[in-house]
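Here is a short briefing on one protein model. Please keep the sequence and the 3D view open while reading.

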Amino acid sequence: MSKRRYVFFLMISFWAAYGAPIAAQNLISGTASVIDGDTIEIHGTRIRLHAIDAIESRQKCLLPNKSEWRCGADAANALANKIGRAPV
């Protein structure tokens, strides 16, 4: 087996063992509070959304015209608008 194939095989094996999503042991459901664009809280438990990486809620971004934009707040608001008050 070539070195390249061996490395590829190791990477796939590692992903299968450690990178695949793991099913939750204890399911949590209820109305969620949005912490930021990739984190919610249900009944005091913070939950990071898998495979989502959003800007932190207090973070600001710089627009091309050099003005600041509250992009973190917009990310959090977008998630809040998406889930609304429905149970999660």
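Predicted model: local features only at pLDDT ≥ 70, side-chain atom pairs only at ≥ 80, totals over all residues.

The protein has 88 residues, and 17% of them count as buried. Its secondary structure amounts to 2 helices and 5 strands.

**Overall make-up**

- Along the sequence, the elements follow the pattern α-β-β-β-β-β-α.
- The accessible surface is about 7,400 Å². Carbon and sulfur atoms hold 58% of that surface.
- Among contacts with a separation of 6 or more, 31% link residues 24 or more positions apart.

**The sheet**

- An open sheet is built from 3 strands in the order β1-β2-β3, with antiparallel pairing.
- β1 and β3 (45–48) are at the edges; each has a single partner strand, so one side of each lacks a neighbour in the sheet.
- From one strand to the next, the twist averages 30°.
- β1 and β2 run antiparallel and are joined by 3 bridges.
- Val34 has Ile40 in β2 as its bridge partner.
- Helix α2 packs on this sheet and touches β1 and β2. The direction of α2 makes about 155° with that of β1.

**Helix α2**

- α2 covers residues 71–83, a run of 13 residues.
- From first C-alpha to last, α2 reaches 19 Å, close to the 18 Å expected at 1.5 Å a residue.
- Which residues of α2 are buried? They are Cys71, Gly72, Ala73, Ala76 and Leu79.
- An α-helix has 3.6 residues a turn, so residues three or four places apart point the same way.
- The cover over the buried residues of α2 includes β1, β2, β4 (61–62) and β5 (68–69).
- Gly84 follows α2 and has a positive phi, near 55°.

**Asp38**

- Where is Asp38 found? Asp38 sits in the loop between β1 (33–36) and β2 (39–42).
- Asp38 counts as buried because its relative accessibility is 0%, and the cut-off for buried is under 20%.
- The side chain of Asp38 makes a polar contact of 2.9 Å with the side chain of Arg48.
- A polar contact of 3.1 Å links the side chains of Asp38 and Thr39.
- Leaving out residues up to four places away in sequence, Asp38 touches Ile47, Arg48, Leu49, Ile52, Asp53, Ala54 and Leu79.

How values were computed. Residues numbered from 1 in each chain as written. Heavy atoms only, no water. Helix = DSSP H or I, 4+ residues; strand = E, 2+ residues; numbered from the N terminus. Buried < 20%, exposed > 50% of the residue type's maximum accessible area, 1.4 Å probe, protein only. Contact = heavy atoms within 4.5 Å. Areas by Shrake-Rupley, 256 points an atom, 1.4 Å probe, with all protein chains shown as cover. Polar contact = N/O pair within 3.5 Å; in protein donor to acceptor, adjacent residues only side chain to side chain. Expected span 1.5 Å × (residues − 1). Pairing = 2+ DSSP bridges. Axes fitted to C-alpha atoms, helices over the stretch in contact; angles between N-to-C directions.
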